[in-house]
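Welcome, and please open the model in your viewer. We will go from stop to stop, with something to select at each one.

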Amino acid sequence: MTELHEAQTGNRAGARGGGWAVAAVVTCQLMLMVDGVIVTVALPYIREEFGLSAVGLSWVVSAYALAFAGFLLVSGRLGMMFGPRRVLLAGAAVFVVASAAGGLAPSGELLIAARAVQGIGAALAGPAIMVLLVANTDEGPQRLRGMSWFIIGSSLGSCLGLVAGGVLTVALDWRWVMLINVPVGAAVIVGTVAFVREADRTPGRLDIPGALASAVTMVALVHGLTRAGQEGWGDPLVLGSLALALLALVVLVAVESRAAHPVVPLRLLRGARRAVPYAGMLLVPAMMIGFFTFSVLFLQDVRHFDALEAGLAYLPWGASVIIGARLVPALVTRVGDRGTIVLGIVLGLAGLVAFVLLAADAPLWAGVLLPCFIFGFTAPFFFTPASAAIMAAAEGEDSGAAAGMFQAMQQLGGAIGVATLTAVFTSRSAAGVEPAMETAMLASTAFGLVLLVLALATPAFAGRRPAPVPA
């Protein structure tokens with residue numbers, strides 16, 4: 001009777017919701033992405049109040065990223081066992097409580113602990129967002145529009161995080177970069193309860209060995225890559241973390257190949273058509289986040305922007321994300337997934353190269369704003385059709401795992417991009433070769449070029465065209 005009541009309640013919610021259901025889950029995604037970077041601008045103020053060391057200050061950022069990455073794969077399975085809507089609500093509630101605790105924290109240690117709990121809440125909610133988005137939209141143009149809004153929420157998160165962090169810290173207090181999540185998270189919970197329809201559950205037991213192995217793999221890998229960006233690839237802790245990640249990955253593959261209900265179904269990566277979209281989820285964030293990390297430093301060191309001005313410089317990028325997301329359904333109908341993705345990658349590479357060549361000396365509009373605007377089309381033109389391809393290839397019982405792996409690849413990609421570009425910058429600086437920062441930014445094009453080759457050479461994105469929107 002309980003399950004029947006939940007199904008009836010969910011159907012009524014779905015009937016009432018429609019666009020409101022998409023708005024609720026997309027707002028949740030935006031909140032999670034914003035929180036990954038919003039504290040960055042406030043770090044000097046946090047250091048001044050709590051007297052944290054450089055290592056302690058880095059943990060204010062890293063605690064969230066590690067917890068988020070570590071529990072993503074596990075939470076995808078939990079969502080399918082207990083219901084993604086229920087798990088999203090639990091994750092959002094944990095996130096809100098942890099945000100309030102962090103905003104009121106009396107010490108740096110408690111702030112770091114709150115950030116870690118925030119990451120756990122984000123990991124619980126993250127995979128459920130994609131599953132619920134699919135469950136609350138129809139296959140075809142409606143789903144592509146929903147995916148487009150999801151990409152807007154994901155892609156604008158970093159940009160809005162930098163801007164919002166600067167505004168809140170300067171206008172109010174650094175604690176508001178945490179406290180702002182309380183009303184936003186409450187709105188997500190209310191909207192989800194009111195409008196979002198529950199997706200089908202897949203009963204089964206949790207694969208405990210797989211859950212542990214996946215968590216160790218993700219935490220060790222993200223920690224190793226993050227520390228490599230700070231201390232270099234020869235650091236003993238970096239080598240130890242990466243070795244542990246490799247060992248845990250071997251264990252994970254061995255365990256999941258025999259598990260009845262695996263946390264990470266290996267069939268999700270079987271064949272190029274399934275594997276290449278996940279590779280793109282790694283490569284595009286590597287290109288984008290690596291570039292943004294160094295371009296923010298470039299704008300402050302070379303063009304002498306303050307933190308808020310640097311954040312505002314990316315607003316044209318945010319505008320093109322929104323415009324591109326609105327264009328994607330019609331574009332995919334006309335040229336298919338592959339054509340849309342190739343166009344997005346080419347535009348991204350063009351914008352990135354233009355920024356590197358022009359940002360130092362050209363007028364602001366030509367050297368910074370226009371390249372950022374061009375670069376912004378990469379996110380919607382790639383992520384929208386690739387996300388749809390990933391979720392379409394995952395059968396019902398695998399949808400939660402697919403959504404978890406989707407977001408896990410993005411987290412790993414960002415860490416890989418920052419670590420790789422930092423290594424390029426460090427080696428060039430140590431050798432006295434200039435311009436080191438521009439070279440590091442230019443190196444991020446390698447990730448886009450690899451994806452361009454994969455998109456052109458494999459059948460991963462071929463042949464999928466949604467039906468036209470009915471008149």
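A disulfide is a pair of cysteine sulfur atoms within 2.5 Å. A search of the whole structure for such pairs finds zero disulfides. Before we move on, note that this is a predicted model, where local features need pLDDT of at least 70 and side-chain atom pairs count only at pLDDT 80 or more, while totals for chains, interfaces and linings use all residues. Residues are numbered from 1 along each chain as its sequence is written, and side-chain values use heavy atoms, with hydrogens and water left out.

**Stop 1**

Select Cys28 and then Cys372. Are they buried or exposed? Cys28 has 0% relative accessibility, so it counts as buried. Cys372 is buried too, because its relative accessible area is 1%. Here buried means under 20% relative accessible area, exposed means over 50%, and partly exposed is in between (1.4 Å probe, protein chains only).

**Stop 1: helix H15**

Helices (H or I, at least four residues) and strands (E, at least two) are DSSP runs, numbered from the N terminus.

Now colour the buried residues of H15: Ala366, Gly367, Val368, Pro371, Cys372 and Phe375. What covers them? The cover includes helix H12 (272–301), helix H14 (315–358) and helix H16 (378–393).

**Stop 3**

Side chains of opposite charge can pair when their charged atoms come close. A salt bridge is a side-chain nitrogen of Lys or Arg within 4 Å of a carboxyl oxygen of Asp or Glu. How many are there by this rule? The count comes to two salt bridges.

Select Asp35 and Arg115 for one of them; their closest N and O atoms are 2.8 Å apart. This pair links distant parts of the chain, 80 residues apart: Asp35 sits in helix H2 (residues 19–37) and Arg115 in helix H6 (residues 108–135). Asp35 counts as buried because its relative accessibility is 0%, and Arg115 is likewise buried at 0%.

**Stop 2: Arg175 and Glu49**

Next, select Arg175 and Glu49, whose side chains meet in a salt bridge (2.6 Å, N to O). Arg175 lies in the loop between helix H7 (141–171) and helix H8 (176–179), while Glu49 belongs to helix H3 (residues 43–50), so the pair ties together parts that are 126 residues apart in sequence. Arg175 is buried, with a relative accessible area of 17%, whereas Glu49 is partly exposed at 41%.

**Stop 3: Arg143 in H7**

Go along to Arg143, which is found in helix H7. With a relative accessible area of 15%, Arg143 is buried. Which residues does Arg143 contact, leaving aside neighbours within four places in sequence? They are Val134, Thr137 and Asp138, where contact means heavy atoms within 4.5 Å.

**Stop 4: two buried loop residues**

Select Gly83, in the loop between helix H4 (54–82) and helix H5 (84–103). Gly83 is buried, at 0% relative accessibility. Not counting residues up to four places away in sequence, Gly83 touches Leu78, Glu198 and Arg201.

Then jump to Ser444, in the loop between helix H18 (436–443) and helix H19 (445–457). Ser444 is also buried, at 0% relative accessibility. Leaving out residues up to four places away in sequence, Ser444 touches Met287, Phe291, Leu352 and Leu421.

**Stop 5: out to the surface**

Show the surface and select Leu246, Leu249, Val250, Val253 and Leu266, which form a nonpolar patch with about 410 Å² of accessible area together. Patches are made of residues with over 30% relative accessible area and no salt bridge; like charges are joined within 9 Å, and nonpolar side chains (Val, Leu, Ile, Met, Phe, Trp, Tyr) within 5 Å. Accessible areas come from the Shrake-Rupley method with a 1.4 Å probe, and for residues only the protein chains shown count as cover. Leu266 is in the loop between helix H11 (236–256) and H12, and is partly exposed at 33% relative accessibility.

Finish at His304, in the loop between H12 and helix H13 (307–312). His304 is exposed, with a relative accessible area of 62%. His304 has a positive phi of about 60° although it is not a glycine.
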